[in-house]
Number of protein chains: 4
Amino acid sequence: MDFSIIRIARTVLHVVDLEVSRKFYVDGLGMIETESDENHIYLRGLEEHSHHSLLLKKAAKAVVEVLSYKVEKEKDLDEIEKLFISKGLKTKWMEKGKQHAMGRTLRVHDISGIPLEFFAEMTTVDRMLQRYDLYHGAKIQRIDHVNCAVPHVQTAYDFYVKELGFLCSEYTDTEDGNLWAAWLYRKPTVHDQAFMNGPGPKLHHFAYTLTDRLSVLDCCDVLASMGYANSIERGPGRHGLSNAFFLYLRDPDGHRIELYTGDYLTSDPDLKPKRWDLNDPLRQTFWGHKAPDQWFNETSTFIDIETGEEIESKEPFLEQRKPKIMA
Amino acid sequence: MDFSIIRIARTVLHVVDLEVSRKFYVDGLGMIETESDENHIYLRGLEEHSHHSLLLKKAAKAVVEVLSYKVEKEKDLDEIEKLFISKGLKTKWMEKGKQHAMGRTLRVHDISGIPLEFFAEMTTVDRMLQRYDLYHGAKIQRIDHVNCAVPHVQTAYDFYVKELGFLCSEYTDTEDGNLWAAWLYRKPTVHDQAFMNGPGPKLHHFAYTLTDRLSVLDCCDVLASMGYANSIERGPGRHGLSNAFFLYLRDPDGHRIELYTGDYLTSDPDLKPKRWDLNDPLRQTFWGHKAPDQWFNETSTFIDIETGEEIESKEPFLEQRKPKIMA
Amino acid sequence: MDFSIIRIARTVLHVVDLEVSRKFYVDGLGMIETESDENHIYLRGLEEHSHHSLLLKKAAKAVVEVLSYKVEKEKDLDEIEKLFISKGLKTKWMEKGKQHAMGRTLRVHDISGIPLEFFAEMTTVDRMLQRYDLYHGAKIQRIDHVNCAVPHVQTAYDFYVKELGFLCSEYTDTEDGNLWAAWLYRKPTVHDQAFMNGPGPKLHHFAYTLTDRLSVLDCCDVLASMGYANSIERGPGRHGLSNAFFLYLRDPDGHRIELYTGDYLTSDPDLKPKRWDLNDPLRQTFWGHKAPDQWFNETSTFIDIETGEEIESKEPFLEQRKPKIMA
Amino acid sequence: MDFSIIRIARTVLHVVDLEVSRKFYVDGLGMIETESDENHIYLRGLEEHSHHSLLLKKAAKAVVEVLSYKVEKEKDLDEIEKLFISKGLKTKWMEKGKQHAMGRTLRVHDISGIPLEFFAEMTTVDRMLQRYDLYHGAKIQRIDHVNCAVPHVQTAYDFYVKELGFLCSEYTDTEDGNLWAAWLYRKPTVHDQAFMNGPGPKLHHFAYTLTDRLSVLDCCDVLASMGYANSIERGPGRHGLSNAFFLYLRDPDGHRIELYTGDYLTSDPDLKPKRWDLNDPLRQTFWGHKAPDQWFNETSTFIDIETGEEIESKEPFLEQRKPKIMA
Ligand SMILES: [Ca+2]
Ligand SMILES: [Fe+2]
Ligand SMILES: [Fe+2]
Ligand SMILES: [Fe+2]
Ligand SMILES: [Fe+2]
């Protein structure tokens with residue numbers, strides 16, 4: 001392929017009350033508010049030099065507008081457009097400045113129907129990495145990955161690996177050898193994008209990297225002291241898969257965010273994808289804890305890049321079992 | 001009263017296989033094995049200068065022989081004997097040396113039937129506090145407290161506070177003002193002894209203090225990598241009551257051990273006991289997590305100081321509800 | 001003796017600019033400001049239920065007014081007065097309310113000339129222990145100890161141990177068996193009061209307990225990001241003596257504050273004082289780091305309880321050597 | 001350029017006593033010993049799936065044999081050979097198997113005379129990432145970077161950036177705009193290779209990534225308890241440059257190793273190199289600590305890839321000042 005995707009770069013979420021969201025993300029999680037107006041809040045982590053990695057838009061209903069990937073250079077966008085057109089997938093351009101702080105952007109639906117966006121340019125800002133006086137809550141560092149439920153993981157996997165140039169770090173098979181879930185990356189961490197078998201396309205969660213495990217624990221304490229104990233959905237714990245230390249939260253609109261720290265470098269071409277059996281109890285939670293039912297069953301809905309209508313969910317190819325989907 | 005109890009000092013447990021126990025407590029939790037023979041293992045934490053704080057005895061059945069309190073001076077034992085006799089409670093002397101590494105010891109049953117032991121003298125050994133090369137697993141520091149289920153908490157509370165000189169740091173009331181649980185101390189931490197409403201007398205758990213929260217997380221990782229994921233019963237999490245960061249484990253015999261860090265100093269006479277309502281969701285777990293059923297329902301059985309027979313359990317005075325008993 | 005001292009309870013410091021002090025102690029170190037007026041700031045740690053443990057008074061010169069000990073009950077004060085009078089030491093009463101938030105207080109000079117204060121009653125306030133949303137900076141928990149340079153450590157030791165009922169946890173001897181430094185306690189930690197050989201009486205430092213080592217590191221980051229890198233005088237490091245993890249800071253007036261975490265329980269009567277040789281390199285800093293000269297040579301001056309004049313310094317009994325004084 | 005360097009991959013050190021080295025690296029630092037014979041020890045971090053990242057060779061004198069870079073594919077080696085030949089630099093092939101566990105390897109001297117090695121293939125082994133039962137000491141995760149003193153940093157910079165495809169994350173200028181030091185990367189972290197102005201070519205240090213700051217502190221405690229306090233040369237502290245939390249150690253042969261954690265992702269093409277002024281006090285140590293003289297003055301000597309003779313040191317282009325070289 002003649003383009004290079006750098007990394008997952010932002011999530012655009014619709015939320016019903018910006019003040020309520022600000023309290024959760026800024027006061028609770030410690031994200032930096034780069035900018036805002038009456039209909040938008042632009043948020044980033046302490047390490048990020050990009051204008052934002054999370055855009056919250058005020059809307060009547062809490063849905064997911066798009067997941068954004070940064071590419072190496074402007075002309076990659078044209079190559080990516082060609083690919084999506086050649087596959088018969090919907091595409092749409094948004095010229096530079098159409099979206100605040102963003103260069104020219106290509107919106108598409110991927111092979112599973114997920115609304116994606118590609119861009120080479122976003123306004124840059126100062127990293128707050130050494131403004132320790134501003135650290136609080138979870139001290140969120142940077143966007144790490146997104147995780148989507150799709151009806152047919154093998155199809156998504158093939159598209160991302162063969163067409164978009166992703167690599168696989170770890171994956172889960174059923175006993176019959178069907179691909180249940182896959183962790184795919186462009187930046188050399190465990191993933192930028194995970195797919196899990198389930199009704200979809202749906203956003204299961206988006207995730208931010210923290211500096212260390214204590215930031216995760218501190219976040220639980222801070223959230224609980226602010227009255228957000230109910231937002232803590234699963235964890236803290238250690239994933240078998242990826243080895244990351246994790247916490248899953250539900251934001252005030254029900255969108256799921258994962259705090260994540262401690263995976264590993266995947267830079268090497270000779271690093272073989274690690275296979276997990278669907279029934280391996282250590283895969284999801286290395287310490288043996290079970291995830292609550294709602295973690296399996298509740299996801300966020302995507303909307304169409306043109307109509308803005310909610311994308312209908314299809315039943316998964318593989319029979320849903322618990323664990324149906326995983327971290 | 002004319003005696004002074006210093007602190008909870010040891011637990012004597014019966015276990016069915018010493019090798020299995022050693023692997024869990026020494027290799028897994030990082031306790032120091034002071035000494036052992038074919039029927040006993042004497043264990044202590046890294047900070048402890050007493051010969052042991054946990055005695056494991058090989059036996060046919062996993063029960064709890066006795067909970068031991070250290071007193072200030074030898075003659076305190078005689079005063080304590082008088083008190084128990086005056087209350088019509090069973091007492092029994094074990095002369096110095098009868099128990100390895102122990103001075104003269106007074107065994108009794110307390111007002112709820114719990115087998116207790118008082119001693120002023122135990123062989124002292126070197127603290128391993130600065131032998132960081134030996135630190136591993138949970139890096140257990142020192143014994144912190146024991147927690148017992150009793151049928152009538154108010155009776156146990158009155159006996160420990162009015163007769164034995166304990167103070168109360170925190171307690172839980174039902175909506176009707178009945179005492180549901182109490183945290184009592186002699187050393188100025190949140191507790192040496194907790195009582196909770198439940199079928200009893202039973203040992204709910206014994207607890208060790210760790211240096212910090214990461215030692216708790218490290219312990220989960222080490223136990224899981226050794227195949228002990230199933231031993232992790234509840235947590236890690238933050239208690240509302242006591243503020244401690246905790247983890248509950250079940251040892252290979254089913255005895256429950258709590259890893260505990262981060263409570264507070266209770267030295268001041270003007271520190272008022274903190275009241276919690278039984279229905280306050282933050283009391284048990286500040287982060288809102290629920291404890292699993294087995295944490296409420298499974299406890300260890302005590303044996304009689306004379307006959308060695310298992311002590312029968314009585315139904316609790318207050319109707320059992322979930323949370324029936326708490327951390 | 002017929003009284004019981006509970007613990008070190010506060011330090012009263014004179015500072016030249018309250019705004020400057022507030023920025024350091026509240027914004028930088030994360031202390032809670034209980035109350036203030038134009039001439040006073042009353043500060044406490046997150047765990048403390050006493051009104052304050054640090055009183056900053058606006059003054060022309062940065063000196064130390066008094067070190068305060070909390071006693072068990074009101075009448076202990078009268079017994080302590082008798083003792084000091086019997087020793088020919090200066091005493092002075094301050095009636096309840098004379099000092100804001102304080103009950104009746106006895107001020108004295110100790111055997112080395114240090115201005116001390118004893119009280120049984122201070123206004124109580126809510127602990128902020130679980131207000132994690134307010135945690136920042138060093139997340140200071142509670143006052144731990146004070147450390148004074150005195151010309152004759154043996155004299156100070158004898159007075160505190162034999163007359164005031166302190167116990168010794170650790171001490172340093174010269175090769176000739178002269179007492180160089182001593183760590184003395186009432187609450188069962190390593191110390192409430194340390195004495196070191198040096199020109200005195202002087203306050204070398206006062207110290208606060210933190211929850212864990214990362215709070216110390218976080219504090220360095222926060223202070224540096226606020227422009228306080230020059231306030232970091234020594235550490236972070238591990239003390240050999242006491243085993244605590246430490247950091248020494250100089251406040252804007254030059255008073256030295258130690259952040260301290262990780263010593264051990266000293267509740268047991270059979271715990272023998274630990275001897276260190278003055279020349280043992282691990283004693284001061286377990287990791288072998290040397291303290292800077294100013295740490296040895298700079299101290300805060302006390303003032304007279306009656307005249308308010310600076311107390312003159314006497315040359316130490318033992319020849320000053322580096323390490324002349326220690327942690 | 002027609003090749004792709006992946007990352008720094010190993011250091012080959014000569015040491016005089018393998019047993020002494022093993023105690024330091026395996027028992028002290030917690031590295032995994034993949035394999036050894038009477039003349040070699042092959043070591044790796046807990047995360048590494050490559051056979052080793054540190055090769056210790058028994059020799060009469062403690063020098064540095066070579067620094068090794070992993071390339072994407074076998075034929076990259078031929079392209080790199082062409083480049084070095086075209087620049088008139090010495091090259092030498094070592095066929096597959098000539099070095100244990102290594103594929104075909106190209107050895108060269110770089111523009112400053114540093115002996116480098118390129119390879120595409122090294123035997124792979126199991127990651128020990130989740131063998132937490134084996135974690136101890138510093139719990140070293142993976143090789144992070146090497147840092148060399150060279151007489152002319154601008155020359156080295158130009159060669160690595162223009163000829164080898166490295167990118168610059170941060171750099172230090174003198175007040176006259178001369179390049180004093182540069183941090184260069186291939187994998188998207190702050191660096192694989194740093195250059196500092198100084199007599200050279202010399203290896204200043206090689207560095208390993210740890211999981212978190214507490215692993216650094218734990219390492220200090222473990223080393224001190226093993227008698228290695230003298231091996232702790234500088235830190236722990238926070239670098240201004242790179243933001244990493246660091247510790248510098250000297251191994252038993254005097255080679256310097258840095259423990260390093262907490263830098264940031266450098267994946268983005270629009271990330272501009274960060275300039276530091278040589279006189280900025282926060283650059284070296286964010287907390288203001290000064291490095292000891294020996295940190296500036298002592299380095300390890302390289303040997304010639306053909307003759308094995310020690311490479312002579314040249315005086316630096318820029319006048320040596322303190323800080324002459326930096327982290
Ligand atoms: Ca950490
Ligand atoms: Fe995830
Ligand atoms: Fe407990
Ligand atoms: Fe101190
Ligand atoms: Fe470095």
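The structure is a predicted model, in which local features need pLDDT of at least 70 and side-chain atom pairs count only at pLDDT 80 or more, while totals for chains, interfaces and linings use all residues. Residues are numbered from 1 along each chain as its sequence is written, chains are lettered from A and ligands numbered from 1 in the order in which they are written, and side-chain values use heavy atoms, with hydrogens and water left out.

The iron ion (ligand 5) is held by NE2 of H145(D), NE2 of H205(D) and OE of E258(D), at 2.0 to 2.2 Å. Donors here are N, O and S atoms within 2.8 Å of the metal (3.2 Å for Na, K and Ca), and sites may look incomplete because water is not among the atoms. Along the chain, the donors of the iron ion (ligand 5) follow the spacing H-x59-H-x52-E. The histidine pair links distant parts of the chain, with H145(D) in strand β9 (residues 142-150) of chain D and H205(D) in strand β13 (residues 202-209) of chain D, 60 residues apart. Helices (H or I, at least four residues) and strands (E, at least two) are DSSP runs, numbered from the N terminus. H145(D) is buried, at a relative accessible area of 0%, and H205(D) is buried with a value of 0%. Buried means under 20% relative accessible area, exposed over 50% and partly exposed in between, for a 1.4 Å probe and protein chains only.

For the iron ion (ligand 4), the coordinating atoms are NE2 of H145(C), NE2 of H205(C) and OE of E258(C), at 2.0 to 2.2 Å. The donor residues of the iron ion (ligand 4) have the sequence spacing H-x59-H-x52-E. Distant parts of the chain are linked by the histidine pair, since H145(C) belongs to strand β9 (residues 142-150) of chain C and H205(C) to strand β13 (residues 202-209) of chain C, 60 residues apart. H145(C) counts as buried at 0% relative accessibility, and H205(C) is buried with a relative accessible area of 0%.

Helix packing between chains comes next. Helix α4 (residues 213-225) of chain A packs on helix α4 (residues 213-225) of chain B at an angle of about 115 degrees, and their axes are 10 Å apart. This makes α4(A) roughly perpendicular to α4(B). Axes are lines fitted to C-alpha atoms, for helices over the stretch in contact, and angles run from 0 to 180 degrees between N-to-C directions; angles under 35 degrees count as roughly parallel, over 145 as roughly antiparallel, 65 to 115 as roughly perpendicular and the rest as oblique. In α4(A), R213(A), L214(A), L217(A), D218(A) and D221(A) meet R213(B), L214(B), L217(B), D218(B) and D221(B) of α4(B), where contact means heavy atoms within 4.5 Å.

The helices of chains C and D can be described in turn. Helix α4 (residues 213-225) of chain C and helix α4 (residues 213-225) of chain D pack at about 115 degrees, with axes 10 Å apart. α4(C) is therefore roughly perpendicular to α4(D). R213(C), L214(C), L217(C), D218(C) and D221(C) of α4(C) meet R213(D), L214(D), L217(D), D218(D) and D221(D) of α4(D).

An aspartate of chain C also reaches across to chain B. D268(C) sits in the loop between β16 (256-261) and β17 (274-277) of chain C and counts as buried at 5% relative accessibility. Apart from neighbours within four places in sequence, D268(C) is in contact with I6(B), R7(B), H49(B), S50(B) and K70(B).

Some backbone details complete the picture. The peptide bond from G235(A) to P236(A) is cis, with omega near 10 degrees, and P236(A) is placed in strand β14 (residues 232-238) of chain A. In chain D, the peptide bond from G235(D) to P236(D) is cis with omega near 5 degrees, and P236(D) lies in strand β14 (residues 232-238) of chain D. K139(B), although not a glycine, has a positive phi of about 50 degrees; K139(B) lies in the loop between β8 (115-119) and β9 (142-150) of chain B and counts as buried at 13% relative accessibility.
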